[in-house]
Amino acid sequence: MLLNNSIAAATIALCAIIVCPARADESRIFLYPDQAVLQKDMELSVHEGKIRFDLPASAEFSSLRISAEDNHILRWDSSLENGSCPIPDAARLQREIAENTLQQRKVAAEASSLRTRIAMWQSKHAEDLSRILAYPSMPAQLDNAIAPLLRSLYEELAEREYLLDSLKKQQRLLQEKLNVYGDVSVQRITAFPEKKSDSIKIRLTCNLKQAGWQSVYNLKAQTRQSAVQFLHEAVITQHSGMDWRNTDIILISSSPDSSPVPHALIPWKIRTSKEIPVEYAEVAAFENTPSPALMSRRNTSPQRVEQASGTTWNLGKRDIPAGSPLHIILEDQVWPAHFVRVLRPSVQTEAFLRADIDLPEPRTIHRSKALLFIDDTASGETFFSVSGRNALCWFGSDPYVTAEMNQKDQMRGQEGLIHSRNTWKWSWEIAVRNMHSTPADISVEDPAPQQDAESIRIAINSDPKPQKKQHTLIWNRHLEAGETFKIHHEVEASAPTTLLINPGRTEK
């Protein structure tokens with residue numbers, strides 16, 4: 001109850017910001033991700049001190065608020081009306097279901113009558129047969145007379161049962177189509193103004209269930225143009241039991257099978273241990289999610305308004321029938337981007353395409369599902385959001401850029417005059433290949449070893465030397481088409497012999 005009232009109050013406050021002064025008989029829908037708020041201005045006649053109007057069954061009576069010009073509404077009541085359905089297509093389905101039900105009853109009655117007749121003739125046949133067994137010729141004559149009758153009755157019964165099954169299947173299909181519209185019954189609202197008058201102008205506000213919207217983003221990596229196309233769709237669903245005709249719609253935001261994001265690097269820690277070290281490996285998991293196909297429909301250009309509490313989209317006047325989802329394009333923009341193929345050869349060989357995006361202005365784009373494309377080819381889906389002028393987006397794997405990490409040497413020994421320290425030494429060669437017909441910027445990443453005791457010493461000797469950022473070693477390079485780049489990577493660690501050490505990494 002408190003939540004419903006707060007949503008309605010917030011919507012009323014929002015009206016003053018984004019909606020022009022209302023005229024009589026005008027409707028607005030404020031659409032949130034999980035519900036809608038209906039605001040309607042009407043001029044009604046007063047009869048016997050009462051005004052009446054209808055609301056769909058999806059309207060929450062507890063959230064209903066009514067205000068009037070130069071008057072005060074004392075109270076209002078609700079009753080369920082069995083009148084005409086407000087949606088023509090749903091009304092037609094209701095009529096077809098009613099006709100189907102009536103026909104089912106007739107066919108079921110005919111089938112029941114046939115079963116009774118069959119039972120009667122079977123019983124009569126048995127009785128007559130028991131009486132005339134003394135007359136040799138009579139049983140055959142009786143059987144010749146009744147058998148065709150029973151066969152005809154059974155055939156008629158089979159036809160009625162088949163027809164009844166067909167009618168039931170048809171009714172289920174009709175009911176499924178009707179359910180798409182939601183509850184199409186009507187609430188009759190009766191309100192009592194304080195002052196007497198012939199007519200009154202009112203504004204009502206109430207929550208509508210079974211309606212909402214969500215953002216779906218299409219992010220298309222245009223690698224040759226160094227840009228990302230951002231397509232923002234609103235998917236509106238409404239099963240409120242009423243068609244929204246010529247209604248102002250305002251949207252309000254709330255606060256391939258493989259993942260498009262590469263495996264996370266495994267932290268490398270050389271640490272003390274209370275037990276004999278054991279080999280271990282950690283594997284980062286992918287998020288596997290299906291990629292549903294989406295369709296969009298253009299209409300008048302939506303107007304975006306940034307506010308402290310979120311973003312609103314004024315779609316203008318729209319016709320949104322109850323039933324199937326409606327897709328509306330809110331934005332279609334192209335952003336400059338720098339593409340980098342990121343390789344993490346300690347966990348996988350293929351590269352992943354990353355876009356570092358520069359937005360023309362600071363934006364807040366709320367987290368939502370995004371479908372990903374690389375040069376018009378679908379590459380997966382992820383969740384995308386932006387806060388500020390910069391954004392980062394992963395577009396999935398690129399099999400034409402690879403990095404193979406081969407261990408050349410791994411040694412363990414002791415050092416010092418009295419062998420006071422244990423030592424470990426690792427040596428790898430990382431071969432990076434660009435098999436594209438165009439150049440590519442690449443970034444090779446490997447975890448930097450970390451120690452948890454001051455007595456552990458670590459030395460890194462690599463050619464070329466990497467950058468170090470947040471415990472990650474990074475080699476950046478621009479590779480021409482078909483070029484191979486090699487990295488010689490060596491790490492040496494030592495610790496006092498009095499410490500049991502888990503080196504944290506074994507041969508790959």
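These questions and answers look at a predicted model and at the reasons behind the terms used for it.

Q: What makes up the secondary structure of the protein chain?
A: The chain has three helices and 24 strands.

Q: Why is cysteine 206 called buried?
A: Buried means under 20% relative accessible area. Cysteine 206 has a relative accessible area of 0%, so it is buried.

Q: Is cysteine 393 buried or exposed, and why?
A: Its relative accessible area is 3%. The cut-off for buried is under 20%. Cysteine 393 is therefore buried.

Q: How many disulfides does a search of the whole structure find?
A: It finds zero. A disulfide is a covalent bond between the sulfur atoms of two cysteines. The test here asks for a pair of cysteine sulfur atoms within 2.5 Å.

Q: Why is strand S17 said to be largely enclosed by the rest of the structure?
A: S17 covers residues 421–434. Of its 14 residues, 12 are buried, so the strand is largely enclosed.

Q: What makes S17 and strand S23 a pair?
A: Two strands pair if there are at least two bridges between them. S17 and S23 (residues 484–496) are joined by 13 bridges, so they pair. They run antiparallel. Tryptophan 424 stands opposite alanine 493 in S23.

Q: What makes strand S2 mostly covered?
A: S2 spans residues 36–45, and seven of its 10 residues are buried.

Q: How do you know that S2 pairs with strand S1 and with strand S7?
A: A pair needs at least two bridges. S1 (residues 26–31) and S2 share six, in the antiparallel sense. S2 and S7 (residues 199–208) share 10, also antiparallel. Both counts meet the cut-off, so both are pairs. On the S7 side, lysine 40 stands opposite leucine 204. A hairpin of four residues joins S1 to S2.

Q: Which residues lie nearest the centre of the largest pocket?
A: They are Thr223, Arg341, Ile374, Asp375 and His436, out of 24 lining residues. Strands S14, S15, S16 and S18 each give two or more residues to the lining. S16 gives the largest share, seven residues. The pocket has a volume of about 510 Å³.

Q: What makes up the lining of the largest pocket by residue class?
A: Nine residues are nonpolar, 10 are polar and five are charged.

Note on methods:
Residues are numbered from 1 along each chain as its sequence is written. This is a predicted model: local features need pLDDT of at least 70, side-chain atom pairs count only at pLDDT 80 or more; totals for chains, interfaces and linings use all residues. Side-chain values use heavy atoms; hydrogens and water are left out. On a 1 Å grid over the protein atoms alone, a cavity is a set of points where a 1.4 Å probe fits but cannot get out, and a pocket is an open set with protein on both sides within 12 Å along at least five of seven lines; lining residues have an atom within 4 Å of a point. Grid points are joined across faces, edges and corners, and a volume is the space filled by probe spheres set on the points. Ala, Val, Leu, Ile, Met, Phe, Trp, Tyr, Cys and Pro count as nonpolar, Asp, Glu, Lys and Arg as charged, and the others, Gly among them, as polar. Buried means under 20% relative accessible area, exposed over 50%, partly exposed in between (1.4 Å probe, protein chains only).
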